[in-house]
Amino acid sequence: MHILATIFTTFCFAFIAIKFFKPVAIEVGLVDKPCERKQHDGHIPLIGGISIFLAVLAATLLWLPSTLELRMYLIASAMMVFIGALDDKFDLRVRVRIVGQIIIASLMIYGVGGYISNLGDILGLGTIDIGAFGILFTYFGIIVVINAYNMIDGIDGLIGSLSVNTFTSIALLFLLSGQTDYLSYPLILATATLPYLMFNLGFFKNETKKIFMGDAGSMFVGLSVIWLLTMGTQGDSASFRPVTALWICAIPLMDMLAIVVRRYKNGKSPFKPDRDHLHHLLQRAGLSSKQTLVVISFGAALMSGFGIAGEYFNIAESIMFASFLLMFISYALSIRFISRRASFK
């Protein structure tokens with residue numbers, strides 16, 4: 001009953017926040033305007049992320065015990081949403097965003113004294129403990145995951161669907177491990193995303209009701225994902241193995257890595273926006289926006305399911321890691337094929 005009450009109030013908070021902030025966003029100009037890279041009709045309010053954060057903030061303060069870890073997460077999240085909103089409004093330079101992300105990462109790492117130090121037995125040679133080097137690795141991981149979810153946001157429903165898939169998968173992993181104390185965190189995040197997804201996908205059959213996530217939302221989602229994954233994979237009471245985390249957010253990670261490598265080979269900045277992401281290539285190959293959404297979401301669910309199955313059946317971490325590398329190679333080759341096919345059309 002406690003979890004049901006938490007989910008219900010989270011959904012209501014998120015829905016009310018959207019209704020309240022939508023006219024405010026239009027009034028202050030916090031909207032996404034169509035351009036060569038952004039092909040949509042009209043000026044769309046960028047309040048999805050703000051509504052999700054406010055719902056998470058309200059629900060956690062109302063229902064969850066106030067711990068140091070939770071307080072640090074909420075403070076870091078508020079900073080992340082603020083920086084993202086500034087980026088949505090003023091289009092900040094990349095280095096400004098990265099500096100902000102490093103500051104926020106420092107708050108999360110040193111605020112609770114936790115970081116990624118255990119990589120598991122991914123090579124089949126024993127558990128890899130990287131010790132204090134894990135602090136640098138955690139900085140890298142936080143920045144990578146934040147930007148992976150930020151960069152995957154390109155068509156209606158995609159970032160919302162991938163977010164719900166990731167948070168739901170983490171909730172299931174906590175449940176399977178018996179760590180019910182942590183279960184509310186991903187459930188709150190998944191539920192807070194649902195009202196945004198409804199508006200973003202036109203659930204209400206009215207184009208004027210559409211909203212976008214914005215950088216405030218996608219970066220907040222990425223921060224929340226890496227926070228939950230760190231909490232779930234590290235420490236003596238870890239809920240699941242580090243290699244499983246790769247499968248839970250496989251699509252955003254693989255898309256980011258592939259696009260960064262491709263941009264580097266072409267002599268471009270890794271952070272310079274373009275229309276060469278997975279969803280763009282699938283659309284150029286002939287799929288509609290909705291078909292692209294279904295294909296990517298289904299693929300993400302399959303990969304998460306594989307990771308959860310590997311955890312449940314205790315498949316060797318080295319096998320799961322090798323499978324992930326093989327999946328990435330297959331992904332990269334498939335993207336190359338799709339890109340070439342699309343270029344001939």
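**Reading the terms off the model**

Modeller: Buried residues account for 50% of the 345 residues in the protein; buried means under 20% relative accessible area, exposed over 50%, and partly exposed in between (1.4 Å probe, protein chains only). This is a predicted model, where local features need pLDDT of at least 70, side-chain atom pairs count only at pLDDT 80 or more, and totals for chains, interfaces and linings use all residues. Side-chain values use heavy atoms, with hydrogens and water left out, and residues are numbered from 1 along each chain as its sequence is written.

Colleague: How do you know how the radius of gyration of the protein stands against that of a compact globule?

Modeller: The rule, over C-alpha atoms, is 2.2 Å times the number of residues to the power 0.38. For 345 residues a compact globule would come near 20 Å, and the protein has 19 Å, so the two agree. Along the principal axes, the C-alpha atoms fill a box of roughly 55 × 55 × 35 Å.

Colleague: How many helices and strands does the secondary structure have?

Modeller: There are 13 helices and 4 strands, counted as DSSP runs from the N terminus (helices are H or I, at least four residues; strands are E, at least two).

Colleague: What makes D87 buried or exposed?

Modeller: The relative accessibility of D87 is 4%, so D87 is buried. D87 is in helix α3, and apart from its neighbours within four places in sequence, D87 is in contact with L92, R97 and D215.

Colleague: And P242, why is that residue called buried or exposed?

Modeller: P242 has a relative accessible area of 17%, and therefore P242 is buried. P242 is in helix α9 (residues 242-248). Outside four places in sequence, P242 touches N118, L119, G120, T233, Q234 and E317.

Colleague: What makes D91 buried or exposed?

Modeller: D91 has 63% relative accessibility, so D91 counts as exposed. D91 sits in the loop between α3 (68-90) and α4 (94-112).

Colleague: What is the phi of D91?

Modeller: Most residues other than glycine have a negative phi. D91 is not a glycine, yet its phi is positive, about 55°. N314 is not a glycine either, and has a positive phi of about 55°. N314 is in the loop between α12 (289-312) and α13 (317-343), and its 57% relative accessibility makes N314 exposed.

Colleague: Which residues have the most contacts inside the largest nonpolar core?

Modeller: V56, Y73, F220, L223, L228, I251 and M254 do, in a core of 97 residues. The largest share of this core, 11 residues, comes from helix α8 (residues 214-233). A nonpolar core is a set of buried Ala, Val, Leu, Ile, Met, Phe, Trp, Tyr and Cys residues joined through side-chain atoms within 4.5 Å. Among the residues that L223 touches, leaving out those up to four places away in sequence, are A76, M80, I104 and I146.

Colleague: How do you know what share of the contacts joins residues 24 or more positions apart?

Modeller: Taking the contacts with a separation of 6 or more, residues 24 or more positions apart account for 72%.

Methods. Contact = heavy atoms within 4.5 Å.
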